[in-house]
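Take a look at the model below.

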Amino acid sequence: MTDNHGGLIVSTHIPKNGGNTFVDFLNKVYGSGVFLDYADMPLSLYYPLHHWLKAFKKPCLAPHIRCVHGHFLTGKYDHVSPPLRYVVWLRDPVERVLSHYYFWVRNPDHTNSTCRKFLRTDQTIESFLKIRRLRDVQSRYMNGRAVNDFDFVGVVEDFDRGLALYRKIFGIRQDVEVASLNVNHDRAQARYDVKEELRDLIRAANPRDVTLYMQGCSYYDDLLRAYGVS
């Protein structure tokens, strides 16, 4: 929980956790100092091989880069000279899974082998949950790190206050307005309107993410208190 404003910010964008809205914020704060890294596809069926091959080529960053953000596992940039400042947003696992499911139904990613596997099913939420690489996605992206290993953990359900906390931790004084991007406009309310039985099914398929989210919310509350954000 350091309040040192220096160092490279490494922001792991877990799919469907508000990352596109957050990158709009980052771009407005850091400008050309933001490097977007979306090449890895950690949910792809072929990611283990891709990751093994990439391990022999460490990513290099230009000297002016202040923040890296994208779909990569936490730890990818550990080779960069310290200090590193780790950032992640977490989301209620049920809402995240439903958001991911509906997004792939509306906008299938044919470049992703896991999405192509899903498209070969009957495309129900039950079939989505049966695909192993789509379970406990938040825990996979955290890559074994504990929530208190991060300088900032935000909670998507409390996004505006989370941005206020981020500004406090990283010493950002300017007000930044951001638009909600990549949202499901067919959803009429904050939570998806599904039966409790389906929510229980999603929780059962994502037990690590359920625990992670509880830990993340607790740590987030600690950060709010520590930095005086109400």
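Arg-161 has a relative accessible area of 30%, so it counts as partly exposed (buried is under 20%, exposed over 50%, partly exposed in between, with a 1.4 Å probe and protein chains only). This is a predicted model, in which local features need pLDDT of at least 70 and side-chain atom pairs count only at pLDDT 80 or more, while totals for chains, interfaces and linings use all residues. Residues are numbered from 1 along each chain as its sequence is written, and side-chain values use heavy atoms, leaving out hydrogens and water.

Arg-161 forms a salt bridge with Asp-158, with 2.8 Å between the closest N and O atoms (a salt bridge is a side-chain nitrogen of Lys or Arg within 4 Å of a carboxyl oxygen of Asp or Glu). Asp-158 is partly exposed, at 23% relative accessibility.

The structure holds 10 salt bridges. Another one pairs Glu-95 with Arg-199, the closest N and O atoms being 2.8 Å apart. This pair links distant parts of the chain, with Glu-95 in helix 3 (residues 93–106) and Arg-199 in helix 8 (residues 196–205), 104 residues apart. Helices (H or I, at least four residues) and strands (E, at least two) are DSSP runs, numbered from the N terminus. Glu-95 and Arg-199 are both buried.

Helix 1 is mostly covered, with 9 of its 12 residues buried. Among them are Phe-22, Phe-25 and Leu-26. Just after helix 1, Gly-31 has a positive phi of about 55°.
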